[in-house]
Amino acid sequence: MGNQGPEISKSELKKYIDTCVCLNIRKASRAVTRLYDEALQGTGVRYTQLIILMVLDHLDNITVSGLAEELVMDTSTVARNLRPLEKQKLISVIPGKDRRQRIVSLTDKGHDVVKDGLQHWRVAQQKITENFTPDDFLSHLSSINNISDVVQRIAEPSSAVAPVVSPDGFAGPR
């Protein structure tokens, strides 16, 4: 590949790496998921499965696409993640109003797994929250949710205008 732009120094590249939103959120996500999965050992489900079951317990009788929207995942990924839960008889998937629509609901066995899983979930949750004051924890959680909301909003097809980005990676008015 040819020279695509100005040279970037190693220190400048390090700054980009350190401030990369995607990298930092993915690192946090992997660490947090690992903590929850460790807490859930012995329950028969991983965190990624438990959260689907929890959302289904909360919402009940939701379409696969509605569940995908709730979890901010694509529909095919959600459908793939539902298959093992259906095999374990933790959920039921039935046809919806038309051929393409599928309605997902929690079974009694699934509800029992949520009930048991929540005890283990609380252990992982507490390991994180006890390291912050309640206000700091809620502030950090709010920041994470704000980033998610902004990214979802700017990723929508109707958001055609790209922000002006400075060389340090920060967007803003010029």
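User: Read along the sequence, what pattern does the protein chain follow?

Analyst: An order of elements is read from the N terminus onwards. In this predicted model, the chain follows the pattern α-α-α-β-α-α-β-β-α-α.

User: How many of the residues in the protein chain are buried, as a percentage?

Analyst: A residue counts as buried when its relative accessible area is under 20%. Of the 174 residues in the protein chain, 21% are buried. As to contacts with a separation of 6 or more, 46% of them link residues 24 or more positions apart.

User: What is the strand order of the sheet, and how are its strands paired?

Analyst: Strands are taken as paired when at least two bridges are found between them. Here the three strands form an open sheet in the order 1-3-2, and the pairing is antiparallel. Strand 1 (62–63) and strand 2 lie at the edges; each has a single partner strand, so one side of each lacks a neighbour in the sheet.

User: How many bridges join strand 2 to strand 3, and how many pair strand 1 with strand 3?

Analyst: Strand 2 and strand 3 run antiparallel and are joined by five bridges. Within this pair, Ser92 has Ser105 of strand 3 as its bridge partner. A hairpin of six residues connects strand 2 to strand 3. Strand 1 and strand 3 are also antiparallel, with two bridges between them, and Thr63 is bridged to Ile103 in strand 3.

User: Is strand 3 largely enclosed or left open by the rest of the structure?

Analyst: The burial of its residues gives the reading. Four of the five residues of strand 3 are buried, so the strand is largely enclosed by the rest of the structure.

User: Which residues of the largest nonpolar core touch the most other members?

Analyst: A nonpolar core is a set of buried nonpolar side chains joined through atoms within 4.5 Å. The largest such core has 23 residues, and those touching the most other members are Leu53, Leu56, Leu67, Leu82 and Ile91. Two or more residues each come from helix 3, helix 4, helix 5 (75–87), strand 2 (91–95), strand 3 (102–106) and helix 6. Helix 3 contributes the most, namely six residues.

User: Which residues is Leu56 in contact with, leaving aside its neighbours within four places in sequence?

Analyst: Once those neighbours are set aside, Leu56 contacts Ile62, Leu67, Ile91, Val104 and Leu106.

User: Where is Leu59 placed, and is it exposed, partly exposed or buried?

Analyst: Leu59 belongs to helix 3. Its relative accessible area is 32%, so Leu59 is classed as partly exposed. The C-alpha atom of Leu59 is separated by 9.8 Å from that of Val104, a residue 45 residues apart from it along the chain.

User: How much space lies in the largest pocket, and which lining residues are the closest to its centre?

Analyst: A pocket, unlike a cavity, is an open set of points. The largest pocket contains about 2,000 Å³ of space. It is lined by 36 residues, of which Ile25, Ser29, Val32, Tyr47 and Ile144 are the closest to its centre.

User: Which helix gives the largest share of that lining, and what is the lining's make-up by class?

Analyst: Helix 2 gives the largest share, 11 residues. At least two lining residues each are supplied by helix 2 (21–39), helix 3 (47–59), helix 4 (64–71), helix 6 (108–129) and helix 7 (134–155). By class, the lining of the largest pocket comprises 22 nonpolar, 11 polar and three charged residues.

User: What is the phi of Val72, and what is that of Lys89?

Analyst: A backbone angle may be read together with the place of its residue. Val72, although not a glycine, has a positive phi of about 55°, and Val72 sits in the loop between helix 4 and helix 5. Lys89, also not a glycine, has a positive phi of about 60°. Lys89 lies in the loop between helix 5 and strand 2. With a relative accessible area of 59%, Lys89 is exposed.

Note on methods
Residues are numbered from 1 along each chain as its sequence is written. This is a predicted model: local features need pLDDT of at least 70, side-chain atom pairs count only at pLDDT 80 or more; totals for chains, interfaces and linings use all residues. Side-chain values use heavy atoms; hydrogens and water are left out. On a 1 Å grid over the protein atoms alone, a cavity is a set of points where a 1.4 Å probe fits but cannot get out, and a pocket is an open set with protein on both sides within 12 Å along at least five of seven lines; lining residues have an atom within 4 Å of a point. Grid points are joined across faces, edges and corners, and a volume is the space filled by probe spheres set on the points. Ala, Val, Leu, Ile, Met, Phe, Trp, Tyr, Cys and Pro count as nonpolar, Asp, Glu, Lys and Arg as charged, and the others, Gly among them, as polar. Buried means under 20% relative accessible area, exposed over 50%, partly exposed in between (1.4 Å probe, protein chains only). Contact means heavy atoms within 4.5 Å.
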